[in-house]
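Hello,

Here is the structure you will be working with. Please open it first, then read the notes below with it on screen.

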Amino acid sequence: MKNQTTDKKQTILDVAEKLFAQFGYDPTSTREIADKSDVNVAMISYYYGSKENLLKAIIERYGREVLSRLSVVYNKDEDPVVRLKTIFKVYIDYSFSHPEPIVIAHREMGLNVRPEMQDSIHQVYSHVEGLVAEILQDGQKLEVFRDIDLQLFLFTFGGMIDHQVHQLHTMQHLDIDTAMFGLCDLSDENFKTRFEDFIWDLIISFLKK
């Protein structure tokens with residue numbers, strides 16, 4: 001019974017995530033979410049209380065997953081260059097395989113500043129900011145990295161990744177041929193590697209002392 005409950009709750013969250021990303025938060029009704037999840041509307045209220053709480057749960061899950069993956073691979077004793085590359089690779093890998101939360105956050109933050117979403121995003125950002133600050137300081141001590149503006153660094157390169165993910169996800173759902181622009185689907189491993197290498201070349205070129 002417990003597994004069934006967990007499965008239903010997970011299914012509702014997965015369905016809501018896909019619908020919010022594809023059609024937007026406001027246009028998507030709890031009835032649509034319930035129908036696609038094969039549950040009744042009351043079940044959504046029972047598990048999440050409201051559509052707003054569903055949105056919050058989606059962003060919180062995304063944050064937990066990103067931080068969990070970082071905690072597994074991050075080794076503070078490694079070379080700072082290796083550590084920084086690992087952080088960006090983990091973020092790109094997860095974002096390419098789970099683009100929906102990024103699409104939702106970008107769209108909803110642009111339309112309506114939701115405190116619950118801001119809080120969840122800020123928690124992830126603060127943690128990553130701390131890791132990157134530590135790496136940059138270590139690299140500067142070793143005279144590998146030059147002194148830079150940390151906040152602008154994170155917003156610029158993080159924003160580039162998020163924008164690419166958002167753009168490709170949108171083009172895919174609009175049936176736009178990404179090959180016309182020399183791009184590929186988010187699921188294309190070769191393209192992801194190409195993008196990771198491109199971003200890393202920009203980052204390391206910018207940071208070199």
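**Overall layout**

From the N terminus on, the elements of the protein chain run α-α-α-α-α-α-α-α-α. That comes to nine helices and zero strands. Bear in mind that this is a predicted model. Along its principal axes, the C-alpha trace spans about 60 × 40 × 35 Å.

**The largest pocket**

Start with the open space. Rolling a probe the size of a water molecule over the atoms shows where empty space is left. The largest pocket has a volume of about 810 Å³. Its lining counts 26 residues, and the closest to the centre are Tyr91, Ile121, Tyr125, Gly158 and Asp162.

Which helices build this lining? At least two residues each come from α4 (51–73), α5 (80–97), α6 (100–111), α7 (115–141) and α8 (150–173). The largest share is that of α7, with eight residues. By class, the lining holds 19 nonpolar, six polar and one charged residues.

**The second largest pocket**

Now move to the second largest pocket, with a volume of about 170 Å³. Here 13 residues form the lining. Closest to the centre are Lys18, Ser97, Pro99, Glu100 and His169. Helices α1 (2–23), α5 and α8 each give at least two residues to this lining. The largest share, three residues, belongs to α8. The classes here are three nonpolar, six polar and four charged.

Side chains of opposite charge can pair when their charged atoms come close. Lys18 and Glu100 form a salt bridge, and their closest N and O atoms are 3.7 Å apart. This pair links distant parts of the chain. Lys18 sits in helix α1 and Glu100 in helix α6, 82 residues apart. Both residues are also among those closest to the centre of the second largest pocket. How many salt bridges does the whole structure have? The search finds eleven.

The crossing of α5 past α9 is right-handed.

Which residues make the contact?

- From α5: Val81, Leu84, Lys85, Phe88, Lys89, Ile92, Asp93 and Phe96.
- From α9: Phe191, Lys192, Phe195, Glu196, Ile199, Trp200, Ile203, Ile204 and Leu207.

Sorted by class, the contact of α5 with α9 has twelve nonpolar, no polar and five charged residues.

Best wishes

Definitions and conventions:
Residues are numbered from 1 along each chain as its sequence is written. This is a predicted model: local features need pLDDT of at least 70, side-chain atom pairs count only at pLDDT 80 or more; totals for chains, interfaces and linings use all residues. Side-chain values use heavy atoms; hydrogens and water are left out. On a 1 Å grid over the protein atoms alone, a cavity is a set of points where a 1.4 Å probe fits but cannot get out, and a pocket is an open set with protein on both sides within 12 Å along at least five of seven lines; lining residues have an atom within 4 Å of a point. Grid points are joined across faces, edges and corners, and a volume is the space filled by probe spheres set on the points. Helices (H or I, at least four residues) and strands (E, at least two) are DSSP runs, numbered from the N terminus. Ala, Val, Leu, Ile, Met, Phe, Trp, Tyr, Cys and Pro count as nonpolar, Asp, Glu, Lys and Arg as charged, and the others, Gly among them, as polar. A crossing is left-handed if the near helix is turned anticlockwise from the far one by less than a right angle, and right-handed if clockwise. Contact means heavy atoms within 4.5 Å. A salt bridge is a side-chain nitrogen of Lys or Arg within 4 Å of a carboxyl oxygen of Asp or Glu.
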